[in-house]
Every structure is written in structure tokens, then in C-alpha cells.
Amino acid sequence: MDTKQSRANKRKGSQWETDLVEYFRSLDLLAERLRLSGSYDEGDLWFFANRKYFIVEAKNEKGFKPGPWMQEAVLERDNWRRRRKNSGRVVPLVIAKRRQSNVSKAFVIIQLDEFMELVNE
């Protein structure tokens, strides 16, 4: 991939993260983008709802790779927990941009075990 294409993809990804934070804030939720932390990355952003932190791996890509994306989100959730020992329940999510749709129509990917814990709370 050439440098110009790489920069364009980075801009698209950054804009998607910003759009998500603005969406969560429009719903009166606390939400922030996160900075890259090398191998201890804690996700692209977080939001807080129903006494839980949600760590989000935001994806704005042409392909659809839920397995590797979710693996990344779980690792980033674990990094978050290591730094914030008393943060309570922390749920890893992947939010993938849906082409030609607004933010509210994005796809949310969550592992079934995490989802069932949310359902049973």
C-alpha cells in the first residue's frame, strides 16, 4: 500500500472514531477516544453506560474480519483492566462501519458469552 493510500485510510479510521464518540455523547453517555499505547493499546475509544465501561475497537474497512477484530478488542480490554484495576465491568466490542449508512446503523460485534452476561445482569 502506498503512503498516500495509507494516510487516507488512517484519516477514514480517525473520522470513524470521532463519529462514534460524537454519537455516544449525543446520547448523553461519557465517551472518549484513546491514544495508541503500543503493545498495551487499550482500544480506539470507550464509553460508559449502565455502570459498565465498553472498550471499542472501531473498524472502517472494506473487508469483514470479525474473528481477528474481536481478538484485538479482547486484548485491549485486558490492557485496560491492567491499568485500571477497579474499573468494574469492562465489555469489549467491535463497531464496524456500515457502508453508506449513518452511525446508528453500524454493526456491533460482541462475543456470545459477554452478550449473555449483559442479558442476565
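This is a predicted model: local features need pLDDT of at least 70, side-chain atom pairs count only at pLDDT 80 or more; totals for chains, interfaces and linings use all residues.
A salt bridge, as I use the term today, is a side-chain nitrogen of Lys or Arg within 4 Å of a carboxyl oxygen of Asp or Glu. Residues are numbered from 1 along each chain as its sequence is written, and side-chain values use heavy atoms, with hydrogens and water left out.

Let me start with the charged pairs. Searching the whole structure gives 14 salt bridges, and one of them joins Glu117 to Arg89, with 3.3 Å from N to O. This pair links distant parts of the chain, since Glu117 sits in helix 3 and Arg89 in the loop between helix 2 and strand 4 (90-96), 28 residues apart; helices (H or I, at least four residues) and strands (E, at least two) are DSSP runs, numbered from the N terminus. Arg89 is buried, with a relative accessible area of 17%, whereas Glu117, at 42%, is partly exposed; here buried means under 20% relative accessible area, exposed over 50%, and partly exposed in between, with a 1.4 Å probe and protein chains only. Both residues also belong to a network of salt bridges that links Lys52, Arg77, Asp78, Arg81, Arg89, Glu114, Glu117 and Glu121.

Which residues does Lys59 meet in salt bridges? One partner is Glu61, where the closest N and O atoms are 3.8 Å apart, and another is Glu72, at 3.4 Å from N to O. Because Lys59 lies in strand 3 (residues 52-59) and Glu72 in helix 2, the second pair ties together parts that are 13 residues apart in sequence. Lys59 itself counts as buried, at 10% relative accessibility, while Glu72 is partly exposed at 29%.

Turning to the aromatic rings, those of Phe, Tyr and Trp (its six-membered ring) pair if their centres lie within 6.5 Å, and planes under 30 degrees apart count as stacked, over 60 as edge-to-face and the rest as tilted. By this rule there are nine aromatic pairs. Trp46 and Tyr53 have ring centres 5.6 Å apart and planes at 70°, so this pair is edge-to-face. Trp46 also forms a tilted pair with Trp80, at 6.2 Å centre to centre and 55° between the planes, and that pair connects strand 2 (residues 45-49) with helix 2 (residues 66-83), 34 residues apart. Both Trp46 and Trp80 are buried. Elsewhere, ring pairs join Tyr23, Phe24, Phe47 and Phe54 into a cluster.
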